Amino acid sequence: MENKAEYISMGYWQDAWRRLKQNKAAMAGLVTIVVIILIAVFGPLFCKMTYFDQDMNNVNKGPCSEFWFGTDNLGRDMLVRTMYGARISLAIGFMASIINLCIGVVYGGVSGFVGGKVDRIMMNIVDVIYSVPSMLYVILLMVVLKPGLMNIFVAMGIAFWIGMARMVRGQILALKEQEFVLAARTIGASNSRILFRHLLPNSVGTIVVMLSLAIPSAIFTEAFLSFIGLGVSAPMASWGVMASEGVNSMRAYPYQLFFPAMGITITLLAFNFFSEGLREILDPRMRR
């Protein structure tokens, strides 16, 4: 009985954390994400070279004790460039999530809460944008805006909030007829207070899951754009840029492609495992 009482007294997030710790794949993904973040932030501080320093005496040198990941065709340290590439990929991934949170949540929340003609107009706009693949939007925007890190943020901001808006709108439509909303109206709560203090907080589980899924999608998009020459510009280190350069010398120096590809793969797998674990825990349709 004591154990049962203790379980019932757990808060929502305490119970979510307890269940997350029981999911080995999700915890492995979380630990990997934390390690990648620490390496990306602090790793370059312990290296003698920066991502753009060239050493023509060590051109195309394979992995060794001096250069753990080898060097590229300009004598740049591949380990340092891989760590800087992690910085860019993570920055873009988290920025896409912030944009999702700021635009998608508010847009979808207002559309679902107001309803009626306003909802139809807002969702018609979303449907038009959603009918075209987001990758195509991003590519077209990058062609117009020109390659660059800030322009990637802008392109992501325009194209990546649609899915979040649709999901939040559906959640609000389901919640706004609940009794607690009627109770809030009865005591004189304003529409904005009902939306931002009652409805959106009750959708936080779905929002968190969508945010976690947006990060690997944004990382892959940046890598693809950089690979085809529409992402960050050289000499800035990016996993996509490094992979693009490594393809040209893949036969003679395969490690130049292997390490950035490994960084992309491990990061995407870690976020996907963690996101799937969150979805099983926080999504009401998945909870047992």
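Let me begin with C64, whose sulfur lies 14 Å from the closest cysteine sulfur, that of C47, which is too far for a bond. Across the whole structure the search returns 0 disulfides, a disulfide being a pair of cysteine sulfur atoms within 2.5 Å.

A word on the basis of these values. This is a predicted model, in which local features need pLDDT of at least 70 and side-chain atom pairs count only at pLDDT 80 or more, while totals for chains, interfaces and linings use all residues. Residues are numbered from 1 along each chain as its sequence is written, and side-chain values use heavy atoms, with hydrogens and water left out.

C64 is partly exposed because its relative accessibility is 26%; the term covers values between buried, under 20% relative accessible area, and exposed, over 50%, with a 1.4 Å probe and protein chains only. C102, at 48%, is likewise partly exposed.

I turn now to helix α4, residues 78-114, which contains S89. Helices here are DSSP runs of H or I with at least four residues, numbered from the N terminus. S89 has a relative accessible area of 1% and is therefore buried. Beyond its neighbours within four places in sequence, S89 touches I219, E222 and W239, where contact means heavy atoms within 4.5 Å.

How do α4 and α5 pack, and at what angle? The angle between α4 and helix α5, residues 116-130, is about 145°, and their axes are 7 Å apart. Axes are lines fitted to C-alpha atoms over the stretch in contact, and angles run from 0 to 180 degrees between N-to-C directions. On the α4 side, the residues that meet α5 include Y107 and V110; their partners in α5 include M122 and V126.

Finally, the aromatic rings. The whole structure holds 5 aromatic pairs, counted where ring centres of Phe, Tyr or Trp (its six-membered ring) lie within 6.5 Å; planes under 30 degrees apart are stacked, over 60 edge-to-face, and the rest tilted. F94 and F271 form an edge-to-face pair, because their centres are 6.4 Å apart and their planes stand at 75°. This pair joins distant parts of the chain, with F94 in α4 and F271 in helix α13, residues 255-282, a separation of 177 residues. F94 is partly exposed at 35% relative accessibility, whereas F271 is buried at 5%.

The rings of F258 and F259, with centres 5.3 Å apart and planes at 75°, are also edge-to-face.

Methods. Helix = DSSP H or I, 4+ residues; strand = E, 2+ residues; numbered from the N terminus.
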